[in-house]
Amino acid sequence: MSCGSSVTAPASYYQRHIFFCLNERTNGDACCAQQQAQAAFDHCKSQVKAAGLAGPGQVRVNKAGCLDRCAAGPVAVVYPEAVWYSYVDTDDIDEIVESHLKNGQVVQRLLTPEYLGR
Ligand code: FES
């Protein structure tokens, strides 16, 4: 039996996704929700929309549960580049939107250290 067909990926519906961990723990362990992750998510969503970047072929801002990098939180990850960010405030989110989501340039200063996981 021959398998001569090749798999061709369809065009991506969105150019980029950014996922924000919004996980909340009630047992006292560190979590992104304790560090204003919801506010950052809301801010990112509104900035992406205001910049005209939201929608098919562009950018989608998504909520996520724990991304298992809690020690680096609050975190967000951008795909398809798989670039992880540890942000602090809305200025950081503005920079991610303008530089990465709009122009495809990684914000080096906000990169999550590789060694930080859970
Ligand atoms: S709680 Fe946010 S990465 Fe785990």
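Q: How many residues does the protein have, and what share of them count as buried?

A: Of its 118 residues, 26% count as buried. The model is a predicted one. The C-alpha atoms fill a box of roughly 55 × 35 × 25 Å, taken along the principal axes.

Q: What share of the contacts between residues at least 6 apart join residues at least 24 apart in sequence?

A: The share is 62%.

Q: How do I read the length of a helix such as α1?

A: Compare its reach with the span expected at 1.5 Å a residue. Helix α1 covers residues 37-50, which is 14 residues, and it reaches 20 Å from its first C-alpha to its last, close to the 20 Å expected.

Q: Which residues of α1 are buried?

A: The general idea comes before the list. An α-helix has 3.6 residues a turn, so residues three or four places apart point the same way. In α1 the buried residues are A37, A40, F41, C44, K45, Q47 and V48. They pack against β1 (16-21), β2 (59-64) and α2 (90-103).

Q: What does α2 reach from its first C-alpha to its last?

A: Helix α2 has 14 residues and reaches 18 Å, close to the 20 Å expected. There is also a kink of about 30° in α2, centred on V97.

Q: Which residues of α2 are buried, and what do they pack against?

A: V97 is buried, along with D92, I93, I96, H100 and L101. The partners of the buried residues in α2 are β1, α1, β2, β3 and β4.

Q: What should I look at just after each helix?

A: Look at the backbone angle phi. Just after α1, G52 takes a positive phi of about 75°. Just after α2, G104 takes a positive phi of about 75°.

Q: Where is A82, and is A82 buried or exposed?

A: A82 sits in the loop between β3 (75-79) and β4 (83-86). To judge burial, count the other C-beta atoms within 10 Å; a residue with 12 or fewer is exposed. A82 has 7 of them, so A82 is exposed. A82 and A33 are 49 residues apart along the chain, and their C-alpha atoms are separated by 22 Å.

Key
Residues are numbered from 1 along each chain as its sequence is written. This is a predicted model: local features need pLDDT of at least 70, side-chain atom pairs count only at pLDDT 80 or more; totals for chains, interfaces and linings use all residues. Helices (H or I, at least four residues) and strands (E, at least two) are DSSP runs, numbered from the N terminus. The expected span of a helix is 1.5 Å times one less than its number of residues. A residue is buried if 20 or more other C-beta atoms lie within 10 Å of its own, exposed if 12 or fewer, and partly exposed in between; C-beta atoms are placed from the backbone. Two residues are in contact if their C-beta atoms, placed from the backbone, lie within 7 Å. The bend at a residue is the angle between axes fitted to the seven residues ending there and the seven starting there.
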